[in-house]
Amino acid sequence: MQSTASFPHRTAFFTDLPAKGVLSQRWAYHSLFWIVLSMYNILYFGFLLNNYTQAVFEYSVKFPFYFILVYGNIYYLIPRFLLTGKYFQYFVFLVLSTLLSVAVIQTLINHLILINYCPVGYHPNVLFDPKPTAKRMFDTFSVLGVTSGLKLTKDWIDNQEKIKELEGQSVKNELEFLKSQIQPHFFFNTLNNLYSLTIKKSDLAPEVVVKLSGLMSYMLYESDSHETTLKKEIEHIQNYLDLESLRFGKRLNLDFQIEGSIEQRKLAPLLLLPFIENAFKHGTSHETGVLDLKITLKILNGKLLFVVVNPRFDNSSNRKKHKGLGLKNVQRRLALLYGNNYELNIQPTEKQYFISLFIPLK
């Protein structure tokens with residue numbers, strides 16, 4: 001009966017960096033990438049060539065090809081071929097576009113134009129020199145590999161965040177739906193109690209209206225929250241018990257105990273009441289009309305132990321008549337809210353119905 005639910009917090013790419021306000025913008029981290037790449041190429045190859053002017057000139061020739069290939073790859077080839085499972089087509093187009101731009105166009109530019117201004121290792125009388133061409137191809141594929149990895153990593157992170165956001169929204173919507181089912185179910189039972197008193201023209205009816213008003217106030221203003229205080233939840237339960245005490249009178253033998261400090265403790269609203277409602281629905285004998293009900297709340301090391309014990313009778317017709325979603329819904333809510341961090345035991349015996357709930361408190 002245990003499952004996991006958590007409410008994710010939206011994070012953005014680079015949000016852990018000090019300048020996250022700027023670097024979360026696409027133009028900012030793209031600019032940062034090109035600055036880092038340019039500085040690396042100029043400083044590294046300038047050191048190897050012992051000529052930083054030549055390194056700057058050579059990189060300025062490479063840069064437009066890097067730029068066109070990188071953005072053509074990440075915004076066209078990857079989305080259209082790689083991410084759609086067309087791996088062979090992606091590989092072919094990537095290699096052909098790199099060969100065309102680096103091995104053909106850049107070689108022609110170097111040989112016919114730039115060699116007269118800043119030789120970069122080509123022989124004046126040779127159009128195609130395999131060694132520098134292979135080196136440029138390797139450098140270009142290295143840049144494409146790094147940018148492809150960054151692109152795929154970012155897309156994966158964004159996709160995971162979207163999945164978490166959708167899961168969180170789905171869980172939130174389901175919780176609201178389950179809670180909305182609990183409220184009409186509760187009011188239906190309470191209004192039935194009030195109806196029976198008005199039929200009898202009981203003097204207790206006005207007091208029931210006051211108690212019901214308190215319950216409705218809790219429903220409207222507290223249950224919309226993600227959590228409420230344990231103190232308010234207990235007050236809500238006490239209002240409900242007072243209503244049932246008015247209806248049952250001396251036929252209700254109630255033992256309601258609270259142990260431990262309830263101050264500053266929080267939990268999700270409307271979690272406990274459905275178990276008590278269930279006891280009132282199924283714990284009364286048609287023959288005697290008496291209900292012996294024991295409810296215990298214990299605070300143990302920041303956790304709540306909630307126990308409900310009521311008699312069990314073979315009232316099959318009563319079960320069919322009152323078949324509802326209250327208990328089923330609260331079980332689902334527990335699974336969504338607490339995951340594996342709760343314990344719910346429902347143990348029906350021949351004469352008793354025993355429910356214990358153990359949940360963490362905030």
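**Strands, helices and how they pack**

Asn 310 stands opposite Tyr 353 in E7. This is a predicted model, where local features need pLDDT of at least 70 and side-chain atom pairs count only at pLDDT 80 or more, while totals for chains, interfaces and linings use all residues. Residues are numbered from 1 along each chain as its sequence is written, and side-chain values use heavy atoms, with hydrogens and water left out.

Strand E5 (residues 303-311) and strand E7 (residues 352-360) run antiparallel and are joined by 9 bridges. Strands (E, at least two residues) and helices (H or I, at least four) are DSSP runs, numbered from the N terminus, and two strands pair if DSSP finds at least two bridges between them. Altogether, 5 strands make up an open sheet with mixed pairing, in the order E2-E4-E5-E7-E6. At its edges sit E2 (252-259) and E6 (343-348), each pairing on one side only.

Now for the helices over the strands. Helix H7 (residues 230-248) lies across E2, E4 (291-300) and E5, and runs at about 170° to E2. Helix H8 (residues 273-282) lies across E2, E4, E5, E6 and E7, at about 5° to E5. Angles run from 0 to 180 degrees between N-to-C directions, and axes are lines fitted to C-alpha atoms, for helices over the stretch in contact; contact means heavy atoms within 4.5 Å.

Elsewhere in the chain numbering, helix H2 (residues 26-49) packs with helix H3 (residues 52-82) at an angle of about 145°, their axes 9 Å apart. The residues of this contact split into 18 nonpolar (Ala, Val, Leu, Ile, Met, Phe, Trp, Tyr, Cys and Pro), 5 polar (the others, Gly among them) and 2 charged (Asp, Glu, Lys and Arg).
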